[in-house]
Amino acid sequence: MKAPKLFLKPLLLMVVIFGVIAVVTSYTFGNRLKREMTKEYESKALALARSVAESDIFTILEQDAGSLQARIAQYQHITGVSYVLVTDENGGIVAHTFIPVVPTVIRGLAVETAEHLPGDDHMLRDIKIEGDNYLHVARPILSGLAGFVHIGMDSSVIAKNIREAMVEQQIVMLILFGFSVLFVFIFIMNISKPLTLLAEYAGRVAVKDFASVPEIDSNDEVGKLARAMRSMAWHISELVANLEERVHQKTKELEEARDALKDKVEERTSELIRANTQLKIEIAERKVIGEALRKTEKKYRAIFENAVEGIYQSSPSGRFLSANPSLARILGFDSPDDLMSSIYDIGTQMYMEPARRKEFLHRIEEQGQVKNFNSKIRRRDGRIIWITENARVIRDSDGSVICYEGSVEDFTLRKKAEDQLKRQAFHDSLTGLPNRALFLDHLRMAMQRSLRRKHIYAVIYMDLDRFKVINDSLGHETGDELLRAVARVLENCARSVDTVARFGGDEFAILLEEITAPRDAITIARRILDGVREPMNIGGHEVFTSASMGIVLKTDGYDRPEALLRDADTAMYRAKELGKSRFKVFNQKMHDQALKLMALETDLRRAVDLHEFEVAYQPIMNLENRAISGFEALVRWRHPQHGIIHPGRFIGLAEDTGLIYAIDNLVLNEACAQVRHWQTVYGSRLKNGLTLNINISGKHFGKAMLPGQISRAIDDSGIPPETLNVEITESALMDNPAFAEDILHQLKALGTNVCIDDFGTGYSSLSYLQRFPIDVVKVDRSFINDVDGDLDSQAIVRTVFSLGESLGLKIVAEGVETPEQLAFLESEGCRYVQGFLFYKPLSAEEVDDILSREIT
């Protein structure tokens, strides 16, 4: 039996659904299998790389290529491992498993990894070598200092497993599909027979044959339908008979209605005659009204002709239907007729931006009017002006548009004034670049675009190095010219889609948009650094400068442009700390360090107000009698949560924030008073007189208040000035030699001694020993640490002792920690030492105990 067409559609639908399920299941299963196997390969490769990097570290550090080659060759027996490569810190190949040579693409990846892989991070990358796909994993050894491990995993295994799994799945799905189709076909054939009978009977009913109703006794819906059709056939036969009778009756009623309509027409004709008479009366009235309208039109025509604003009527197609002289004058025409005959399309002949005309038509059609619609148009003489329009739609009684009428005002002068004010508000007056406000607006738009579509951008924050020196030495005019020259360099290095801005002073920012990859930003940053380093001829001077830059490449996760700029600024300061004239890419660790530094600064400010600082005293020993000859005052911060914090963690921050002046003054006053107390109590009974060494930050040599502070401390404590040694570093002298020399002479005038701390670690050592009034030299601990085994350090220490003796200086060796170091120093004639071999820094109470024992 042939199945009814009604059931072919569900069968076809089932085939389609089953096919879709098979395809989607295969695709999903294949992707899931690929992801899981790729993750397994990545995990396996990272574990192998970590194993090589950690277990073979000594072989790698010793650069034993043979042992390393044998070691990595074992990894090729692991399933999926295709090659292993070990490079040094510069990307040079140390050992590999390639036969015979390392492919060029692997060599390039090795060099790129050495240049760009940061810290302890790792790199995963899919590569292709001679048509085969591999998963390439690179991992640094000792943060890249000892080199890198590269491992390649064969990706073809993943593809093979996926193909086999999908073929198996398709075969199973095909078998299931075949059985399902067979079952459905049998089911359809079973239920199609009664439906076919019903369909044949329905065809007989259509030709008024109500007999031979099929007998279907099933209790399902088909059986109910058959019984319903038997009942319906009887009712239909009755309805047909009744319908024929009603048709006859309605025909008779229509004839009666026709006669009634004839009488109605005659009555309506009489009414029309009466209406015609009334219309004649209305025409006479309209003549009187028309005369009044002509007088009104004459009145308003005078207003139209003499109005200062341009007034017009235009067709929807863009032609002027009427215009007053003012409009002709605004548009540069001699008369309204000249205007209307010359302009046949307002949108293309007048508007500088056709889209504005489209916007005008859209608004007036949608709202029925427009108000204060500003546009830029071209006059007849070619001059560009700005106009503002007010217009409305004129419609007839049917609602169809007759025309547009409105007024036009020329506000070009006001527009220019507004544009000038906007430019001044959003641009830097010195360089002409956008300022911070406009830059933040562009950055905000870039962030919004990145949310809507794949839009990659980066931000560079730049600060000139040594700009203050150039500004102070050559003058502010030269500094301004330098800033303008740097602005031109940035504009030349950037692209047309980028935004270059000046934030004030010597700070600039660059928004790089539509970059394809982070390396594009790195390339532009390097181009900027090279451009800024080029010599610039400004005012007859050849000026050299450089810049430090911070870059934010990963812009995901930022919701405010200020936060992104903050991180770029943080990276820029990190670049300055690393030596200037370079760039640094921001990472989360920098942000965490900045937060910790901010918290430390807050605590430091509180510590100054609450006097949380303590003074520790490290004795300076006289080797002739093994007795204490003086103390070096060292500051300690007793933090309420973190306990004792040593100066190495907070002195740099105190110098940056200006808190160093208060801290140094506190230590100076407390130490002077304490040592004066010991001089008074124990001085006459000690073998040596007590001296005091005070460390002074180099920041004091940029201000003139240091001599006054030391003078007040001497007066307040009563300490003899000749027992006070002011310790300074070499770098403090070299930052501003002239000013430093003047400050040192003032200190000498007070009677104090000048001590050079960490001697030998700076530069120009011999020259400043001769130039500045120096009394004491402290040899840096880095030389003392190596004197028991390093001949170079021994030679340096001997030279310092010989130099000090010839110049009449007092030499102190600091950092003495072993008997061997002490023995060498004594053999070279050293008289004064300081270090843990004798005493660590002590509290005032501990010093009291030691001094009291020395005199007993």
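Q: Hi! Which ground rules apply to this model?
A: The model is predicted, so local features need pLDDT of at least 70 and side-chain atom pairs count only at pLDDT 80 or more, while totals for chains, interfaces and linings use all residues. Residues are numbered from 1 along each chain as its sequence is written, and side-chain values use heavy atoms, with hydrogens and water left out.

Q: Let's start with strand 18. Is it mostly covered or uncovered?
A: Strand 18, residues 613-622, is mostly covered, with nine of its ten residues buried. Buried means under 20% relative accessible area, exposed means over 50%, and partly exposed is in between, using a 1.4 Å probe and protein chains only. Strands (E, at least two residues) and helices (H or I, at least four) are DSSP runs, numbered from the N terminus.

Q: What does strand 18 pair with?
A: Strand 18 pairs with strand 19, residues 627-639, in the antiparallel sense over ten bridges. Two strands pair if DSSP finds at least two bridges between them.

Q: Switching topic: which residues touch the most other members of the largest nonpolar core?
A: Those are Phe613, Tyr617, Trp678 and Leu825, in a core of 79 residues. Helix 19, residues 660-682, gives the most to this core, with eleven residues. A nonpolar core is a set of buried Ala, Val, Leu, Ile, Met, Phe, Trp, Tyr and Cys residues joined through side-chain atoms within 4.5 Å. In soluble globular proteins, nonpolar side chains tend to be buried together.

Q: What is Trp678 in contact with?
A: Leaving aside neighbours within four places in sequence, Trp678 has contacts that include Tyr617, Phe631, Leu690, Ala844 and Leu851. Contact here means heavy atoms within 4.5 Å. A second, separate core has 36 residues, among them Phe467, Phe508, Met536 and Ile551.

Q: How many aromatic pairs are there?
A: The count comes to 13 aromatic pairs. Rings of Phe, Tyr and Trp (its six-membered ring) pair if their centres lie within 6.5 Å; planes under 30 degrees apart count as stacked, over 60 as edge-to-face and the rest as tilted. Trp386 and Phe411 form an edge-to-face pair, at 6.4 Å centre to centre and 70° between the planes. Trp386 is partly exposed at 22% relative accessibility, whereas Phe411 is buried at 4%.

Q: How are the planes of Phe613 and Trp637 set?
A: Phe613 and Trp637 form a tilted pair, with 40° between the planes and 6.0 Å centre to centre. Because Phe613 lies in strand 18 and Trp637 in strand 19, the pair ties together parts that are 24 residues apart in sequence. Phe613 is buried, with a relative accessible area of 5%, and Trp637 is buried too, at 0%.

Q: What about charges? How many salt bridges are there?
A: The count comes to 27 salt bridges. A salt bridge is a side-chain nitrogen of Lys or Arg within 4 Å of a carboxyl oxygen of Asp or Glu.

Q: Which residue forms a salt bridge with Asp465?
A: Lys576 does, with the closest N and O atoms 2.7 Å apart. Asp465 is in strand 11, residues 458-465, and Lys576 is in helix 16, residues 561-577, so the pair links parts of the chain 111 residues apart. Asp465 is buried at 1% relative accessible area, and Lys576 is buried at 18%.

Q: And where is the partner of Arg831?
A: Arg831 forms a salt bridge with Glu624, the closest N and O atoms being 3.1 Å apart. Glu624 lies in the loop between strand 18 and strand 19, 207 residues from Arg831 in the chain. Arg831 is partly exposed at 38%, while Glu624 is exposed at 60%.
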